[in-house]
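Please view the sequence and the structure together before reading on.

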Amino acid sequence: MRVRTDDEVYRVDAVWLGPPKATFPWRARYVAWGVGIVVFLLVTALQRQLGFGFDFINTGWGFVITIALTRFICTRISHERPLSSVTAMWVRELTAPRETTSGRGGAASAARIRVNRERPRRRVTSKKGAKRASDATRSQQQPRTQQPGPDRRKKEVRGVRTPA
């Protein structure tokens, strides 16, 4: 059993073959004629803007460019994808937000880095911490001389063991 689809309805294009008994040697849909006229006007306006004159050669090249562009445009449109939806898609593609590819700012420099003479200290929260903080500030004001002694060698520094 063969199932027939409704595609045959869309195979018939709305085409104008030309005047009766003097048809054109090509088939063109009505939409192609409309697109072609608009494209030809745009191509000739562009030619005038570029400084080409309105003579036989330039007009002929205008027709050739128009036919090429019209064929390109009409291959993209069909009864399922009309010209209005293709135009709307093209406009949305051009106006869509894009990701910024250029970086912000310039080369990295240390000009804006603040440098203090003193190291930052913890805030004092207890009496014991207050005593340590006052001892630390006193030691910064009056540097003590280091005295080598047996207590210094036995002291372990975090993560480093000294031989006893």
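The model is predicted: local features need pLDDT of at least 70, side-chain atom pairs count only at pLDDT 80 or more, and totals for chains, interfaces and linings use all residues. Residues are numbered from 1 along each chain as its sequence is written, and side-chain values use heavy atoms, with hydrogens and water left out.

The protein chain has six helices and zero strands (DSSP runs of H or I with at least four residues, and of E with at least two, numbered from the N terminus). Of its 164 residues, 11% count as buried, that is, under 20% relative accessible area with a 1.4 Å probe, protein chains only. The accessible surface of the chain comes to about 16400 Å², and carbon and sulfur atoms hold 58% of that surface.

The largest nonpolar core consists of Ala 28, Ala 32, Cys 74, Ile 77 and Val 86; such a core is a set of buried Ala, Val, Leu, Ile, Met, Phe, Trp, Tyr and Cys residues joined through side-chain atoms within 4.5 Å.

Thr 66 lies in helix H3, which spans residues 56-76. Thr 66 is buried, with a relative accessible area of 5%, and its side chain reaches the backbone oxygen of Gly 62 at 2.6 Å.

| Residue | In contact with |
|---|---|
| Thr 66 | Gly 36, Val 39, Phe 40 and Val 43 |
| Cys 74 | Arg 29 and Ala 32 |

Conventions:
Buried < 20%, exposed > 50% of the residue type's maximum accessible area, 1.4 Å probe, protein only. Polar contact = N/O pair within 3.5 Å; in protein donor to acceptor, adjacent residues only side chain to side chain. Contact = heavy atoms within 4.5 Å. Areas by Shrake-Rupley, 256 points an atom, 1.4 Å probe, with all protein chains shown as cover. Lists of a residue's contacts leave out its neighbours within four places in sequence.
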